[in-house]
Amino acid sequence: MSPTVLVTGASSGFGAAIARRFAADGTTVIAAARRVERIPAGERIRPVALDVRDADAVRETIGALPAIDVLVNNAGLAKGLEPAQRADLTDWDDMLDTNCRGLVHCTRAVLPGMVARGRGHVINLGSVAGTYPYPGGNTYGATKAFVRQFSLNLRSDLHGTGVRVTCVEPGMCEGTEFSLVRFGGDTDRAAAVYDGMRALTADDIAGTVHWVAAQPPHVNVNTIELMPVAQSAGPFQVHRG
Ligand SMILES: NC(=O)c1ccc[n+]([C@@H]2O[C@H](COP(=O)([O-])OP(=O)(O)OC[C@H]3O[C@@H](n4cnc5c(N)ncnc54)[C@H](OP(=O)(O)O)[C@@H]3O)[C@@H](O)[C@H]2O)c1
């Protein structure tokens with residue numbers, strides 16, 4: 001029987017590409033997002049309306065689905081790039097609610113079934129922002145550090161169950177709505193982020209997620225970090241005077 005993959009945030013960017021990538025090899029994909037009408041169409045793709053911030057909806061919706069073999073916790077967002085002292089608290093709450101609370105609620109909903117079946121894979125979308133600080137990264141980076149550590153801690157809890165956990169941590173990726181959402185719909189500001197450089201694409205991430213899931217059952221990729229060649233870490237900053 002073909003495996004079933006649940007992808008959150010499948011109406012755009014990575015999530016849509018991941019849904020298409022799994023569907024292309026015959027996997028049944030349950031594709032969740034708020035803008036359900038934007039989820040890619042496909043014979044093997046079943047769209048489901050879900051706001052991961054709504055704990056009751058997550059429990060009820062996932063509880064009514066068939067057995068999930070792979071959960072891709074991709075729904076997430078960055079909002080704002082202001083320094084912490086000027087940042088909008090509602091933006092911070094939105095990132096915490098989506099990237100942290102939403103992700104742990106979706107995970108908690110699938111884990112008992114995976115453990116009972118002795119197999120399953122939770123693949124979380126972290127970010128290089130969870131490891132490397134940058135100005136304005138404040139809460140966004142902290143949510144992704146949470147995702148990374150939650151993933152590693154899950155591995156400890158799931159020891160001996162056969163359930164796998166991976167944190168995929170991309171750097172800059174263009175062609176998604178990530179920067180548009182971060183800058184409140186400002187298309188020029190969003191486009192400027194990728195000006196003059198070659199970033200990763202959603203298909204690069206989908207290929208990585210698919211590869212991670214395709215490893216033999218005895219192999220667990222704990223974390224995988226990927227960046228465009230054009231991006232690397234900078235030096236420490238020193239304030240003088
Ligand atoms: N692009 C990058 O450079 C980059 C780098 C590293 C990590 N990431 C991470 O990768 C993931 C996907 O990013 P992306 O670049 O593909 O961004 P995107 O194009 O903006 O896609 C984000 C997806 O998340 C969904 N989403 C947001 N809030 C949601 C909610 N409350 N409930 C359900 N779904 C929700 C959106 O769907 P709806 O609005 O329809 O609900 C959308 O499908 C995010 O976790 C992001 O933090 C992105």
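Modeller: Let's begin with a definition: helices (H or I, at least four residues) and strands (E, at least two) are DSSP runs, numbered from the N terminus. By that rule, this protein has 7 helices and 9 strands. Do remember that this is a predicted model, in which local features need pLDDT of at least 70, side-chain atom pairs count only at pLDDT 80 or more, and totals for chains, interfaces and linings use all residues. Residues are numbered from 1 along each chain as its sequence is written.

Colleague: How is the radius of gyration of the protein read against the globule rule?

Modeller: The radius is taken over C-alpha atoms, and the globule rule is 2.2 Å times the number of residues to the power 0.38. Here the radius of gyration is 18 Å, close to the 18 Å from the rule for 241 residues, so the protein is as compact as a globular protein of that length. Along its principal axes, the C-alpha trace spans about 65 × 40 × 35 Å.

Colleague: What is the order of the strands in the open sheet?

Modeller: First, the general idea. Strands of a sheet pair through backbone hydrogen bonds, either parallel or antiparallel. Two strands count as paired if DSSP finds at least two bridges between them. In this model an open sheet of 7 strands has the order β3-β2-β1-β4-β5-β6-β9, with parallel pairing. Its edge strands are β3 (45-49) and β9 (223-226), each pairing on one side only. From one strand to the next, the twist averages 15°.

Colleague: Which helix packs on the sheet, and which strands does the helix touch?

Modeller: Residues are in contact if their C-beta atoms, placed from the backbone, lie within 7 Å. Axes are lines fitted to C-alpha atoms, for helices over the stretch in contact, and angles run from 0 to 180 degrees between N-to-C directions. The helix is α3, which touches β1, β4 (70-73), β5 (120-125) and β6 (163-170). The direction of α3 makes about 165° with that of β4.

Colleague: Is Val7 buried or exposed?

Modeller: A residue is buried if 20 or more other C-beta atoms, placed from the backbone, lie within 10 Å of its own, exposed if 12 or fewer, and partly exposed in between. Val7 sits in strand β1 and counts as buried, with 32 C-beta neighbours inside 10 Å. Its bridge partner in β2 is Ala31. Beyond four places in sequence, the contacts of Val7 include Gly15, Ile18 and Val72. Thr131, in the loop between β5 and α4 (138-157), is partly exposed, with 15 other C-beta atoms within 10 Å.

Colleague: How many residues of β5 are buried?

Modeller: In β5, 6 of its 6 residues are buried. Gly120, Val122 and Asn124 point one way, while His121, Ile123 and Leu125 point the other way. Strand β5 runs parallel to β4, joined by 4 bridges, and Asn73 stands opposite Asn124.

Colleague: Which residues come nearest to the ligand?

Modeller: A residue is near a molecule if its C-beta atom, placed from the backbone, lies within 6 Å of it. Of the 31 residues around the ligand, Gly9, Gly13, Arg34, Arg35 and Gly76 come nearest. Helix α1 gives the most to this shell, with 3 residues.

Colleague: How do the residues of the shell divide into nonpolar, polar and charged?

Modeller: Ala, Val, Leu, Ile, Met, Phe, Trp, Tyr, Cys and Pro count as nonpolar, Asp, Glu, Lys and Arg as charged, and the others, Gly among them, as polar. The shell has 13 nonpolar, 12 polar and 6 charged residues.

Conventions
Two residues are in contact if their C-beta atoms, placed from the backbone, lie within 7 Å.
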